[in-house]
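Trainee: Hi! Could you walk me through a few spots in this model? I'm new to it.
Mentor: Happy to, let's bring it up.

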Amino acid sequence: MTMMIEDLIRKNRSCRRFYENQPVSEELLKQLVNLARLSASAANRQPLKYILSWETARNRLIFPALAWAGYLPDWPGPKPGERPAAYIIITGDTTITTNFWCDHGIAAQSILLGARQAGLAGCMIGAFDEKRLRSVLAIPEHLRIMLVIALGRPKEQIVIEEVGPDGDIKYWRDDSGVHHVPKRRLEDIIVDVMETPGRGKQM
């Protein structure tokens, strides 16, 4: 059954543990990139280019260049067997433009929503060793590495909960390995900057 958009977004959490032995096909990665291709682009320049990885040998080159879960300092990242089965690396072609605006964020969200619809989970990774990644994959200098999207069949439970009274927004894991993601309340993020007749200005 096709997921409704809110349900899809709720299930589209940053997943960091996967069933590494369950492959993701090249064809599926291309389908996900096609969703990004069809998405909005600033001034319609469409400067993004994508590097795909679904084979074990290439995946092993990519993994050591990535940093995982900044709020979990005692966790070194997924162990063997729980690492991503595939990657999509989003790059910006500087021969087209040097200002990519928010194109890579839009593309990444489209890819991840499509992945979730297909039964996968993923994680946008912006913390990586660019020099190492560029070297091991021989990425040309004119392609600026913007994001790495890790993909695979999810092996962890992730729950959304309301930010507590202390205002702490850091994600955390409980003793059972469940990953908790605090979210601010809807009323805390909508700002009414004009006075509304009969209600007064909302702060």
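Trainee: Leaving aside neighbours within four places in sequence, which residues is Thr97 in contact with?
Mentor: Those would be Arg45 and Pro47. Keep in mind that this is a predicted model.

Trainee: Got it. And where does Thr97 lie?
Mentor: Thr97 is in the loop between strand S3 (86-93) and helix H4 (103-117).

Trainee: Is Thr97 buried or exposed?
Mentor: Buried, because its relative accessibility is 12% and the cut-off for buried is under 20%.

Trainee: What lies 3.2 Å from a polar atom of the Thr97 side chain?
Mentor: The backbone nitrogen of Asn99.

Trainee: Switching over to Ala42, where does that one lie?
Mentor: Ala42 lies in the loop between helix H2 (26-37) and strand S2 (48-53). With 27% relative accessibility, Ala42 counts as partly exposed.

Trainee: Which residues does Ala42 contact, neighbours within four places in sequence aside?
Mentor: Trp101 and Asp103. As for Arg144, its C-alpha is 17 Å from that of Ala42, and the two are 102 residues apart in sequence.

Note on methods
Residues numbered from 1 in each chain as written. Predicted model: local features only at pLDDT ≥ 70, side-chain atom pairs only at ≥ 80, totals over all residues. Heavy atoms only, no water. Helix = DSSP H or I, 4+ residues; strand = E, 2+ residues; numbered from the N terminus. Buried < 20%, exposed > 50% of the residue type's maximum accessible area, 1.4 Å probe, protein only. Polar contact = N/O pair within 3.5 Å; in protein donor to acceptor, adjacent residues only side chain to side chain. Contact = heavy atoms within 4.5 Å.
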